[in-house]
Amino acid sequence: MKKLLTMLTPLTLMGLAGVAPAQAAIVAGWNSFNASTASYPKAADNVGANITSTGLDTAGLAKVNVSDFALGNWNTGSTVNTSQYVEFAVQPSAGFQVDFTNLQLNAAHDESQLDLVLRSSVDGFTNNLGTQVSLTTSLNTYSFDLSSLAPQTGPVQFRLYGLNANTSTVYFYGQNSGNVTGGGFVAINGDITPTGGGPVSTPEPSGIVSLIAVGALGAASLRRRG
């Protein structure tokens, strides 16, 4: 029995080594910057492998001249104003796809209310991704769930829309944080893999059975020889 276990253990571990799914990596991330003096679209500071282009842009919002990324003129209505947003755009290289996991945002506001929702170009900016978040006057890291998106092989734009601002003069602030992948104030995360299929992260059940069978045969052979 000891010989059988000795044979099975390394072989079983070899087969199970691929069971854990690949860890999501950063697709693109931006460090905080002066929104008023920057050139747009602004390329990401942290870019994952096989991402060919990135860009941060805004529309309908006032760019505030301070050191942290800050924007004003937010929507005071309770429904999304599609002409006001912050956009984060990414595109995988030819032959690769992105399976998005989440978008992280470290942010705050300086008044009493500002809510944010995230949408994407995948469905024409129609449906919210993840849940609506309510910023506070303290910096917090928020995560928008992107797992509902199918893997994407082409360019994708994510847009943050504001609503329920208590006044149009409320300021949004984005500040770098160690809680955000890459250490910036925003990061898009996901798995970047070849479209033809990359390394297998989960072995086929038949493969595991085969490995166990080989181990068992080896153990039986040793037992006969002994």
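Mentor: Arg 159 and Glu 87 form a salt bridge, with their closest N and O atoms 2.7 Å apart; the term denotes a side-chain nitrogen of Lys or Arg within 4 Å of a carboxyl oxygen of Asp or Glu. Because Arg 159 lies in strand E11 (residues 156–163) and Glu 87 in strand E6 (residues 85–92), the pair ties together parts that are 72 residues apart in sequence. Strands (E, at least two residues) are DSSP runs, numbered from the N terminus. The model is predicted: local features need pLDDT of at least 70 and side-chain atom pairs count only at pLDDT 80 or more, while totals for chains, interfaces and linings use all residues. Residues are numbered from 1 along each chain as its sequence is written, and side-chain values use heavy atoms, leaving out hydrogens and water.

Both Arg 159 and Glu 87 are buried, where buried means under 20% relative accessible area, exposed over 50% and partly exposed in between (1.4 Å probe, protein chains only). Arg 159 also lies over the face of Tyr 85, at 4.0 Å from the ring centre; a charge sits over a ring if NZ of Lys or CZ of Arg is within 6 Å of the ring centre and within 35 degrees of the ring normal.

The count of salt bridges comes to two. Lys 42 and Asp 45 meet in a salt bridge at 3.9 Å, N to O. Lys 42 counts as buried at 19% relative accessibility, whereas Asp 45 is partly exposed at 38%. The charged end of Lys 42 sits over the ring of Phe 33, 4.8 Å from its centre.

Terms used
Helices (H or I, at least four residues) and strands (E, at least two) are DSSP runs, numbered from the N terminus.
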